[in-house]
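User: I would like to go through the labels used for this model and see what each one rests on. Please set each value against its definition.

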Amino acid sequence: MILPIASTDLLPKVIMGVDPGTNIMGYALIEVQGQRVKVLRYDVIDMQKMGSNHALKLKKIFERMLELIDEFLPDELAIEAPFYGVNVQSMLKLGRAQGMAIAACLSRQIPYVEYAPTKVKQSVTGTGNATKEQVAHMLRQTLALPPIAEASKFLDATDALAVALCHHYQKGNNMKAGGKSWGKFLADNPSKVAKPVAGKKKPVVK
């Protein structure tokens, strides 16, 4: 008797989400199985007391990431892409911090995916212009999280949690935030689909 092969969507998967930072880096770990999402941990790597020693901060990020990887054994890393700002030096430092997190995962053979900040916000709240506070509020409702006492500090942790959840949504295991998606819009509004014009050929993409 041949047993059916289990769908990979039904197998537990651990996703690590990271919100890069040079002073405070948020991280989160969730376990997903089908549509069920369990928050394993979300917290921050606080490097504010290290002052301006950037090399020491990078070492801290790499070592702490390895500790978390060895403890939770994530299957995938979802990391927020650096936001392009005016200060070039800050961007370079942020890129290095992101690189340390990625390097730690690659050293353990863990694949990673980058997500733009607007993509993360859109997936979780339904709008790419949401504030950190709005993202945290939506996560508390979606995942039934307890109130956070140190809200200002842990907004980086909830941002990381949002990155992990965004990655889960992009895999098609759940509806996007608010039930909004292009496919659902077309299904609900078939009259909005443009009909092909007779006599016109489809453009050839070279």
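Analyst: His 167 is a place to start; His 167 sits in helix H5. Helices (H or I, at least four residues) and strands (E, at least two) are DSSP runs, numbered from the N terminus. This is a predicted model, in which local features need pLDDT of at least 70, side-chain atom pairs count only at pLDDT 80 or more, and totals for chains, interfaces and linings use all residues. Residues are numbered from 1 along each chain as its sequence is written, and side-chain values use heavy atoms, with hydrogens and water left out.

User: Why is His 167 called buried?

Analyst: Buried means under 20% relative accessible area, exposed over 50%, and partly exposed in between (1.4 Å probe, protein chains only). His 167 has 1% relative accessibility, so His 167 counts as buried.

User: What does His 167 touch?

Analyst: Contact means heavy atoms within 4.5 Å. Not counting residues up to four places away in sequence, His 167 touches Ile 15, Glu 76, Ala 78, Val 113 and Tyr 115.

User: What makes E3 and E5 the edges of the sheet?

Analyst: Two strands pair if DSSP finds at least two bridges between them. The open sheet of 5 strands has the order E3-E2-E1-E4-E5, with mixed pairing. Strand E3 (36–46) and strand E5 (112–115) each have a single partner strand, so one side of each lacks a neighbour in the sheet. Neighbouring strands are turned by 20° against each other on average, direction ignored; axes are lines fitted to C-alpha atoms, for helices over the stretch in contact, and angles run from 0 to 180 degrees between N-to-C directions.

User: How do you know that E1 and E4 pair, and that E2 and E3 pair?

Analyst: E1 (residues 13–19) and E4 (residues 76–80) run parallel and are joined by 4 bridges; Val 18 has Ile 79 as its bridge partner in E4. E2 and E3 run antiparallel, with 10 bridges between them, and the partner of Tyr 27 in E3 is Asp 43. The hairpin of E2 and E3 has 2 residues between the strands, and Gly 34 there takes a positive phi near 65°.

User: How do you know that the length of H4 fits a helix?

Analyst: The expected span is 1.5 Å times one less than the number of residues. For the 12 residues of H4 (residues 132–143) that gives 16 Å, and the end C-alpha atoms are 16 Å apart, so the two agree.

User: Why are the buried residues of H4 said to line one face?

Analyst: Those residues are Val 135, Ala 136, Leu 139 and Leu 143. Seen down the axis of H4, they fall within an arc of 95°, so they line one face of the helix; the arc is that of the directions from the helix axis to the C-beta atoms. Glu 133 and Gln 141, on the other side of H4, are exposed.

User: What makes a set of residues a nonpolar core?

Analyst: Such a core is a set of buried Ala, Val, Leu, Ile, Met, Phe, Trp, Tyr and Cys residues joined through side-chain atoms within 4.5 Å. The largest one has 26 residues, among which Leu 139 and Leu 161 touch the most other members. H5 (151–170) is one of the elements that each supply at least two residues, and the largest share, 10 residues, comes from H5. A second, separate core of 23 residues includes Val 18, Met 47, Phe 72 and Ile 110.
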